[in-house]
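Thanks for making time this morning, everyone. I would like to walk slowly through one assembly and ask how its chains meet one another, so please have the picture in view as I talk.

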4 protein chains.
Amino acid sequence: MEKAGGIPTQRMEAFSDGVIAILMTVMVFDLKFTTTLTAENFRQEWMELLPKFLSYALSFLMVAVMWVNHHQLFHQIKHSSGKLLWLNLHLLFWMSLIPFGTHFVGGNPWMPAASSAYGLIFFLNALAFTLLRGHVGRQRLLHSFAPAHRQRFIQRKNRITLAIYAASALLPWVSVYLSFALFLLVPALYFVPEKITVPENKDNNP
Amino acid sequence: MEKAGGIPTQRMEAFSDGVIAILMTVMVFDLKFTTTLTAENFRQEWMELLPKFLSYALSFLMVAVMWVNHHQLFHQIKHSSGKLLWLNLHLLFWMSLIPFGTHFVGGNPWMPAASSAYGLIFFLNALAFTLLRGHVGRQRLLHSFAPAHRQRFIQRKNRITLAIYAASALLPWVSVYLSFALFLLVPALYFVPEKITVPENKDNNP
Amino acid sequence: MEKAGGIPTQRMEAFSDGVIAILMTVMVFDLKFTTTLTAENFRQEWMELLPKFLSYALSFLMVAVMWVNHHQLFHQIKHSSGKLLWLNLHLLFWMSLIPFGTHFVGGNPWMPAASSAYGLIFFLNALAFTLLRGHVGRQRLLHSFAPAHRQRFIQRKNRITLAIYAASALLPWVSVYLSFALFLLVPALYFVPEKITVPENKDNNP
Amino acid sequence: MEKAGGIPTQRMEAFSDGVIAILMTVMVFDLKFTTTLTAENFRQEWMELLPKFLSYALSFLMVAVMWVNHHQLFHQIKHSSGKLLWLNLHLLFWMSLIPFGTHFVGGNPWMPAASSAYGLIFFLNALAFTLLRGHVGRQRLLHSFAPAHRQRFIQRKNRITLAIYAASALLPWVSVYLSFALFLLVPALYFVPEKITVPENKDNNP
């Protein structure tokens, strides 16, 4: 079963999981007190660490949203292809820049360039995910249990996400707070994972 | 078998393993002599490294306990769900803060705030694990071979763990030694893994 | 099925994926602004970061090419052997030096020694891959669906790659730009993955 | 098949692979030129990097030997158990100290304490592996295709390894070169992996 027919997606999923797990985890290693702490410098050090903590938590949440979507999408894909491998690696490349953006905005929370870079990285991630999903849809790589109207709903959600990220990359030059608000909007929008597996679709058949 | 019915837990387990393996391992990279060693500074450097070593060993043991419990729990889960994915990611978030706590307490062993933060992180981990287990129990996601009285025993053990961690987060302000003693109590309590698989339950049927 | 007959390749693939995922991802952690940014030093810092970004993107692309080839090759291998394990570990050793080369060339883009070391590391990687592929071919470890003329085509492509990398290790002493041009040639050559799975080979049978 | 009977070893193997892959790979991130290189300091920097390279290559080789042995042993294990989980985690703990030893000896190659610590860490690894193998043998967790006389041969080899590592931890106080020679002896001894799978044992049946 595993080595016949199309290339199974199993190894691509495992590899993606490895990359995503490392991205999620290693960001936390910047969360450190770098000097020997005393009663005097503790408050100061903590104030510098706080934005790093918040940017880490936000990035963890956004990567988690992406992983859940990746998990749900690949769960429905029948088999792999050369182009799918590359579209997935393309997505992983932009995901791998998330720690850079997180470190940048965590170390310079009030600098518009930092929030803008952070927003741009997530915009490129959302774009890579949209390309991947589009290819899967066009090539009919999905199992039949993913209904078409559900796919359209997800595509619309993706386009909204792209627009939000584009705005979050431009708005920091007006106010970084506007940008932060938008960053929180996407996880809120995506928090409920895309329910497109068999049991949940029963109600679609009237 | 894999792509029909409910979502299999396989990929969630593999992803969790990736995250936990990285957390366990990368903590060791703080264990380094940072300066060129000479006969004079060797003793001094070693004395600074020792608490880092001990905090690493303790964290490794506690993460190992958590991994074994995670392994035993997921071994019994029939299939995944959207909510289970998120409860697991929630647990992984708090686990990802363990290296921060380890570095904090290893670098500042006598500072009450460090032991308190370390205890608080493990309290939040235990809470996340309890939420996960509670959901699994309520949704009847377990295979039938997990007997109910065994589940109750584990829930009681979880509540004791929560109480110990809560105490370890508060006690350092009295004495950090009290807190350290509590940290050692939990691994001792959990060292014997939860035996809830088929063969071990045979004696439950009189 | 899994524990009978020859050793399955599954664990070797998973282990390789782990190593490659870490190599790909952790390189990004050198992409950091190391000082507190101000309006004055931002441009300067960014100019220092740019070659690191470019060398990271190039290394990511080349490791991705290697992973796709590894994936395609192992997909066709019937079972593992002691020698195959070691040839694969030999490949992983040279792959593990890629972050060193990336950091070297990213930090010193105009130093001929850096580009030369970078080229040499990829030459040794290509050599290790050729040894692995040669062993697989000689030991007839491939499934029958890999036609011989296709294997010969791939071997010829491998020899060209080796020659390009050898040139890229020697040419920086003339001009580092020549070397950079060659680095871009290999991904271009390999970008289309080797299509040697069942469905694609149907047209070979006239 | 997967969730019935004894606990399958699959997840324990995957988790071990994750930990070992990270250990092998992340050691390479100490291999860096830390200052901006000039024609003057290049030779000096390179001389400091060389022992780090050699200690990395040696550690990679020794971890690879351990991984191959781990792979071969677990390939033969029928099912997991609580005690096996903990003996494996115990082994992973000592493995996780290898990067510390590698960094120590790579940064201070002529310091007897460094070689001694390096030898001691590998002695403890070999001891943990022997404990794991002993448990597997006593509990009859192996498939029948592992012949008893082969097991005894391996146990003898393990005892020799333990003796060599014990010597390598003591000898640096006489001469670090003696210790280095012993470090090279073990990979040489173990390079041929333990051939205890079905096909190779055919000649045992006269």
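Predicted model: local features only at pLDDT ≥ 70, side-chain atom pairs only at ≥ 80, totals over all residues.

On the side of chain A that touches chain C, helices H1 (10–26), H3 (82–96) and H4 (98–107) each supply at least two residues, and H1(A) gives the largest share, with nine residues. If we sort that side by residue type, we find 20 nonpolar, seven polar and four charged residues.

Stepping back to the whole interface, 31 residues of chain A are in contact with 42 residues of chain C, and the buried area is about 3,200 Å², with carbon and sulfur atoms giving 74% of it.

Now for the symmetry. A rotation of 90 degrees, with 0.0 Å of shift along its axis, superposes chain A on chain C with an RMSD of 0.0 Å, and the residue of chain A that comes closest to the axis is A:Gly18, whose C-alpha is at 4.3 Å. The copies use different surfaces, since 10% of the contact residues of chain A recur in chain C.

For chain A and chain B, the superposing rotation is likewise 90 degrees with 0.0 Å of shift, which is the relation of a four-fold axis.

Notes: Residues numbered from 1 in each chain as written. Chains lettered and ligands numbered in written order. Heavy atoms only, no water. Least-squares fit on C-alpha atoms with pLDDT ≥ 70 in both. Contact = heavy atoms within 4.5 Å. Buried area = accessible area lost by both parts, 1.4 Å probe. Helix = DSSP H or I, 4+ residues; strand = E, 2+ residues; numbered from the N terminus. Nonpolar A, V, L, I, M, F, W, Y, C, P; charged D, E, K, R; others polar.
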